Amino acid sequence: MALTHSGNEKTPVENICPCCGTNVMCVTKSEYNVDNFGSVLMKTTTCQKCGYKHTDILSLEKNEPTIFRAKISSASDLDIRVVKSGTATIKIPEFGATITPGQASEGFITNVEGVLDRLEDTLTFMLSSADEKHLKKGRRILKLIQKSKGNPCFTFIIEDPFGNSRLISSDSSKIKTRNLTNRELQKVKFGLDAVRD
Ligand SMILES: [Zn+2]
């Protein structure tokens, strides 16, 4: 799928760097055009002193609280495009894995396989300091992820209360979309945990 990029502007902002505390932050805004989707704005805040970087995604299209769901059952499904904003939650029920938006949650554009890679990296990192209970669960999820790359069979869900996220496939019948209900909206998590039930 094509991802064309246009526009680039770097502007100083008044923000204090969460890493080093100085106020020499700059924001770069880039507009991306994603096939079958439209325009997204990628906003990257960088500290000129220590190099701290934070990226988020904003949709330039409609913004309703939305849930996207896709059954991933073939290698080509792993190629389904994922636009994830900092406010989105990703769920893979078969793995028992939920990625909730943390305080410094980043936005990114990737595909389903790319999310599995990220999940694998995060889990591997977390396991280095996990207790017995989480170690067991984490290892089980890791095994499922690794298996799924060769022979995928799982449900991929992304929900975003601000509607800045998307799942995009060239075969639109693969993607089920609906608005989040009020009840679901109340349950949306903004916790600090990266991965949990
Ligand atoms: Zn800094």
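How many bridges join β6 to β9, and in which sense do the two strands run? I will begin there and then widen the view to the rest of the chain. Four bridges join β6 to β9, and the two strands run antiparallel.

Two remarks on conventions are needed first. Residues are numbered from 1 along each chain as its sequence is written. The model is predicted: local features need pLDDT of at least 70, side-chain atom pairs count only at pLDDT 80 or more, and totals for chains, interfaces and linings use all residues.

Let me turn to the overall composition. The protein chain has three helices and twelve strands; helices (H or I, at least four residues) and strands (E, at least two) are DSSP runs, numbered from the N terminus. Of its 197 residues, 22% count as buried. Here a residue is buried if 20 or more other C-beta atoms lie within 10 Å of its own, exposed if 12 or fewer, and partly exposed in between, with C-beta atoms placed from the backbone. Among contacts in the protein chain with a separation of 6 or more, 68% come from residues 24 or more positions apart. Two residues are in contact if their C-beta atoms, placed from the backbone, lie within 7 Å.

Now the sheets. The strands β6 and β9 belong to an open sheet of three strands in the order β9-β6-β11, with antiparallel pairing. Its edge strands are β9 (108-111) and β11, each of which pairs on one side only. Two strands pair if DSSP finds at least two bridges between them. The twist in this sheet averages 15 degrees from one strand to the next.

A second open sheet has five strands, in the order β8-β7-β10-β5-β12, again with antiparallel pairing. At its edges stand β8 and β12 (175-179), each with a single partner strand, so one side of each is left without a neighbour in the sheet. Within this sheet, three bridges join β7 to β8, and β7 pairs with β10 over three bridges. Ile90 shows both pairings: it stands opposite Ile99 in β8, and opposite Ile158 in β10. Ile92 has Ala97 as its bridge partner in β8. The strands β7 and β8 form a hairpin with four residues between them, and Gly96 in the turn has a positive phi of about 70 degrees.

Another hairpin is formed by β3 and β4, with five residues between them; Gly51 in that turn has a positive phi of about 85 degrees. Seven bridges join β3 (residues 38-47) to β4 (residues 53-59), and these strands run antiparallel. Thr46 has Lys53 as its bridge partner in β4.

I come next to the helices. The axes of α1 and α2 (residues 132-150) come within 10 Å and cross at roughly 155 degrees. That makes α1 roughly antiparallel to α2; angles under 35 degrees count as roughly parallel, over 145 as roughly antiparallel, 65 to 115 as roughly perpendicular and the rest as oblique. Axes are lines fitted to C-alpha atoms, for helices over the stretch in contact, and angles run from 0 to 180 degrees between N-to-C directions. The residues that meet include Leu116, Leu119 and Leu123 in α1, and Leu135, Ile141 and Leu142 in α2. The helix α1 also lies across β6 and β9, running at about 110 degrees to β9.

What holds a place at the centre of the contacts in the largest nonpolar core? That core has 24 residues, and those with the most contacts inside it are Val82, Val112 and Leu167. A nonpolar core is a set of buried Ala, Val, Leu, Ile, Met, Phe, Trp, Tyr and Cys residues joined through C-beta atoms within 7 Å. The elements that each supply at least two residues include β5 (66-72), β6 (81-84) and β10 (154-160). The most comes from α1, with five residues. Leaving aside neighbours within four places in sequence, Val82 is in contact with residues including Val112, Val115, Ile158 and Leu167.

Finally, consider Ser165, in the loop between β10 and β11. Is this residue buried or exposed? Ser165 is buried, because 25 other C-beta atoms lie within 10 Å. Ser165 and Ile109 are 56 residues apart in sequence and 9.3 Å apart in space, C-alpha to C-alpha.
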